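Colleague: I have the sequence and the fold open on my screen. Can you walk me through the ligand site and a few residues?

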Amino acid sequence: MATPPVIFVLNGPNLNLLGSREPRIYGNQTLDDVKSMMEERAKAASVRIDFRQSNHEGELVDWIQEAMAKASAVIINAGGYSHTSIAIRDALASLQIPIIEVHVSNIHAREHFRRQSFISQVARGSIVGLGAFGYLLALDAAAQLCKGAGKAAAKIQ
Ligand code: CA2
């Protein structure tokens with residue numbers, strides 16, 4: 001049996017606090033809950049996820065570079081770095097695999113400084129404001145896009 005495609009799920013600063021505070025904005029689910037839900041959904045979609053969180057910009061950049069060799073797609077919630085980090089944007093721009101951006105909250109309905117995301121410019125699509133469910137939708141989309149890429153490669157051969 002062929003090895004399933006690996007989808008990197010990268011989470012940025014403060015997302016380790018999900019579910020512990022500010023439930024009105026971020027909901028009640030923890031990042032561990034999100035990971036478990038995604039693992040279940042990944043099995044059903046015949047893909048594997050590699051789920052990570054870091055509070056450090058450079059570590060996120062290192063992981064994005066690692067994705068170049070190991071992943072078939074990247075799902076990323078870069079947290080506050082979405083609005084500030086050219087380094088993360090540049091690392092993502094160098095990938096030739098689908099990138100899906102996720103935000104738990106609706107960044108367009110919040111403070112003005114959250115309305116711009118550098119990640120959106122290099123992402124295939126963005127899912128915002130749907131809470132933890134957004135990660136599951138991103139996984140469905142990434143899994144479909146991976147399969148599409150597989151089909152295209154099969155046609156070329
Ligand atoms: O809505 C999102 O997913 C965000 O990426 C979450 C980030 C925020 O900086 C972005 O603008 C939008 C914040 C991460 C969660 O921070 C928490 C802080 C306290 C309690 C719970 C979560």
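Predicted model: local features only at pLDDT ≥ 70, side-chain atom pairs only at ≥ 80, totals over all residues.

Modeller: One definition to begin with.

Colleague: Which side chain has a polar atom 2.8 Å from an oxygen atom of the ligand?

Modeller: His103 places a polar side-chain atom 2.9 Å from a ligand oxygen. Val104 uses a polar backbone atom, 2.7 Å from an oxygen of the ligand. The side chain at 2.8 Å belongs to Arg114.

Colleague: What percentage of the ligand's accessible area does the protein cover?

Modeller: Val104 has a polar backbone atom 2.7 Å from a ligand oxygen. On its own, the ligand has 510 Å² of accessible area. Of that area, the protein covers 93%.

Colleague: Which pocket is the space taken by the ligand?

Modeller: The shell there counts 16 residues, among them Asn77 and Ser105. The space that the ligand takes is the largest pocket.

Colleague: Where is Asn14, and what is its phi?

Modeller: Most residues other than glycine have a negative phi. Asn14 sits in the loop between β1 (6-11) and α1 (23-26). Asn14 is not a glycine, but its phi is positive, at about 75°.

Colleague: Is Ser46 buried or exposed, or in between?

Modeller: Ser46 is in the loop between α2 (31-44) and β2 (48-53). Its phi is positive, about 55°, although Ser46 is not a glycine. The relative accessible area of Ser46 is 48%. Buried means under 20% and exposed over 50%, so Ser46 counts as partly exposed.

Colleague: Is Val47 buried or exposed?

Modeller: Val47 also belongs to the loop between α2 and β2. In sequence, Val47 and Phe133 are 86 residues apart, and their C-alpha atoms lie 18 Å apart. Val47 has 6% relative accessibility, and the limit is under 20%, so Val47 is buried.

Colleague: Which side chain does Ser54 join in a polar contact of 2.8 Å?

Modeller: Ser54 is in the loop between β2 and α3 (57-70). At 2% relative accessibility, Ser54 is buried. A polar atom of its side chain lies 2.9 Å from the backbone nitrogen of His56. The side-chain partner at 2.8 Å is Glu59.

Colleague: How far apart in space are Arg115 and His83?

Modeller: Arg115 is in the loop between β4 (99-103) and β5 (125-128). Its relative accessibility is 40%, so Arg115 counts as partly exposed. Arg115 and His83 are 32 residues apart in sequence. From C-alpha to C-alpha, the gap between Arg115 and His83 is 7.8 Å.

Colleague: What separates the C-alpha atoms of Met37 and Ser82?

Modeller: Met37 belongs to helix α2. With a relative accessible area of 26%, Met37 is partly exposed. Along the chain, Met37 and Ser82 are 45 residues apart. Their C-alpha atoms are separated by 24 Å.

Colleague: How far apart in space are Asp33 and Leu18?

Modeller: Asp33 lies in helix α2. Its relative accessible area is 33%, so Asp33 counts as partly exposed. Asp33 and Leu18 are 15 residues apart in sequence. In space, C-alpha to C-alpha, Asp33 and Leu18 are apart by 9.6 Å.

Conventions: Residues numbered from 1 in each chain as written. Heavy atoms only, no water. Near = heavy atom within 4 Å. Polar contact = N/O pair within 3.5 Å; in protein donor to acceptor, adjacent residues only side chain to side chain. Areas by Shrake-Rupley, 256 points an atom, 1.4 Å probe, with all protein chains shown as cover. 1 Å grid on protein atoms, 1.4 Å probe; cavity = no way out; pocket = protein on both sides within 12 Å on 5 of 7 lines; lining within 4 Å. Sits in = over half its atoms within 2 Å of the grid points. Helix = DSSP H or I, 4+ residues; strand = E, 2+ residues; numbered from the N terminus. Buried < 20%, exposed > 50% of the residue type's maximum accessible area, 1.4 Å probe, protein only.
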